[in-house]
Amino acid sequence: MQTIALNEDADPAAPRKTGEIIVRPSTEADAPAMLAIYTRSVQRGQNGLTFEALHADDIKRRRKNMQKHRLPHLVADLDGTVVGYAYAVPFRKRPAYRYCVKHSIYVHQDHLRAGVGRKLLPALIEACAAEGYRQMIAYVDAANGPSLKLHEACGFRRVACLEGIGFKFGRWYDSVMLQRALGPGSSTPPPGFAASPLGIGDVSIESD
Ligand SMILES: CC(C)(COP(=O)(O)OP(=O)(O)OC[C@H]1O[C@@H](n2cnc3c(N)ncnc32)[C@H](O)[C@@H]1OP(=O)(O)O)[C@@H](O)C(=O)NCCC(=O)NCCS
């Protein structure tokens with residue numbers, strides 16, 4: 001797979017080649033642009049089964065929370081304009097699942113099919129692997145051909161089809177679950193396992 005250099009310390013204002021898409025961690029100042037991309041995507045029914053209306057403050061709060069938990073939150077930046085964003089969240093809250101993330105990706109309506117997703121998703125994959133996560137899960141609306149293709153092009157494979165789990169625009173929707181291993185995946189135990197054989201470290205376990 002193509003290696004994407006994540007511009008960790010990229011200064012959004014730094015000079016760069018015109019027309020070059022760079023992927024960098026989001027900043028609080030990116031929130032309005034991310035909100036505009038999200039809102040347009042939801043309004044056009046492109047965003048899977050999501051209807052949730054958001055405000056810039058919701059995005060800022062979530063971003064901060066993800067940062068605190070070392071979960072990547074990235075933007076694609078074209079000549080200083082945010083043209084897409086992607087982020088990972090825990091797959092599930094219970095501690096046993098702490099090496100697994102799920103993610104979302106959105107590209108600006110005016111920049112679709114221009115290679116933004118192909119830059120953003122591999123960068124998110126690399127950033128999640130670098131944080132020590134081992135598996136990555138995507139839920140994609142079964143009717144969302146572009147997203148299914150993008151994910152498969154980035155090494156995800158279909159592991160399940162969840163039938164009729166969503167209802168929008170007057171009909172039931174299936175959701176495809178795709179999965180990709182990160183780094184060594186499940187071929188080796190996580191670091192620190194030997195010191196804590198249950199593998200639960202000092203994380204408290206939620207009761208049912
Ligand atoms: C899915 C999405 C992120 C793809 O982003 P993008 O920047 O348009 O994708 P790219 O231009 O990088 O294309 C990457 C690959 O995806 C596939 N793809 C993207 N758009 C496609 C389309 N309209 N039709 C068919 N395949 C498509 C192709 O395989 C493409 O590779 P190729 O150009 O070499 O053939 C974008 O369509 C989007 O934001 N959609 C709305 C939100 C959404 O659905 N998010 C995903 C929720 S799971």
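The following legends describe close-up views of one predicted model. Residues are numbered from 1 along each chain as its sequence is written. Because the model is predicted, local features need pLDDT of at least 70 and side-chain atom pairs count only at pLDDT 80 or more, while totals for chains, interfaces and linings use all residues.

**View 1. Confidence along the protein chain.**
The pLDDT, which is the predictor's confidence in each residue from 0 to 100, averages 86 over the protein chain, and 82% of the residues score at least 70. Over residues 1-5 the pLDDT is below 50, and this stretch has 8 contacts in the model beyond near neighbours in sequence. Two residues are in contact if their C-beta atoms, placed from the backbone, lie within 7 Å. Residues 201-208 also have a pLDDT under 50, with 8 contacts beyond four places in sequence. Where pLDDT is low, the predicted coordinates should not be read in detail.

**View 2. The shell around the ligand.**
The ligand is surrounded by 23 residues, of which G117, R118, P146, K149 and L150 are the closest. A residue is near a molecule or strand if its C-beta atom, placed from the backbone, lies within 6 Å of it. Two or more residues of the shell come from each of β4 (100-107), α3 (116-130), β5 (135-141) and α4 (145-153). Helices (H or I, at least four residues) and strands (E, at least two) are DSSP runs, numbered from the N terminus. Helix α4 gives the largest share, 6 residues. By type, the shell holds 11 nonpolar, 9 polar and 3 charged residues. Here Ala, Val, Leu, Ile, Met, Phe, Trp, Tyr, Cys and Pro count as nonpolar, Asp, Glu, Lys and Arg as charged, and the others, Gly among them, as polar.

Residues S147, L150 and H151 of α4 are buried. A residue is buried if 20 or more other C-beta atoms lie within 10 Å of its own, exposed if 12 or fewer, and partly exposed in between, with C-beta atoms placed from the backbone. Down the axis of α4, the buried residues fall within an arc of 95°, so they line one face of the helix. The arc is that of the directions from the helix axis to the C-beta atoms. These buried residues pack against α3, β5 and β7, whereas G145 and K149 are exposed on the other side of α4. After the helix comes G155, with a positive phi near 90°.

**View 3. The buried face of helix α1.**
In α1 (residues 31-43), the buried residues are A31, A33, M34, I37 and Y38. Their directions from the axis of α1 fall within an arc of 165°, so they line one face of the helix. The partners against which they pack are α2 (56-68), β2, β3 and β4.

**View 4. Residue I21 in strand β1.**
I21 belongs to strand β1 (residues 21-25) and counts as partly exposed because it has 18 C-beta neighbours inside 10 Å. Leaving aside neighbours within four places in sequence, the contacts of I21 are A76, L78, V83, V116 and K119.

**View 5. Two loop residues with positive phi.**
D79, in the loop between β2 (73-78) and β3 (81-90), has a positive phi of about 50° although it is not a glycine. D79 counts as exposed because it has 12 C-beta neighbours inside 10 Å. F169, in the loop between β6 (157-168) and β7 (171-181), is not a glycine but has a positive phi of about 50°. With 6 other C-beta atoms within 10 Å, F169 is exposed.
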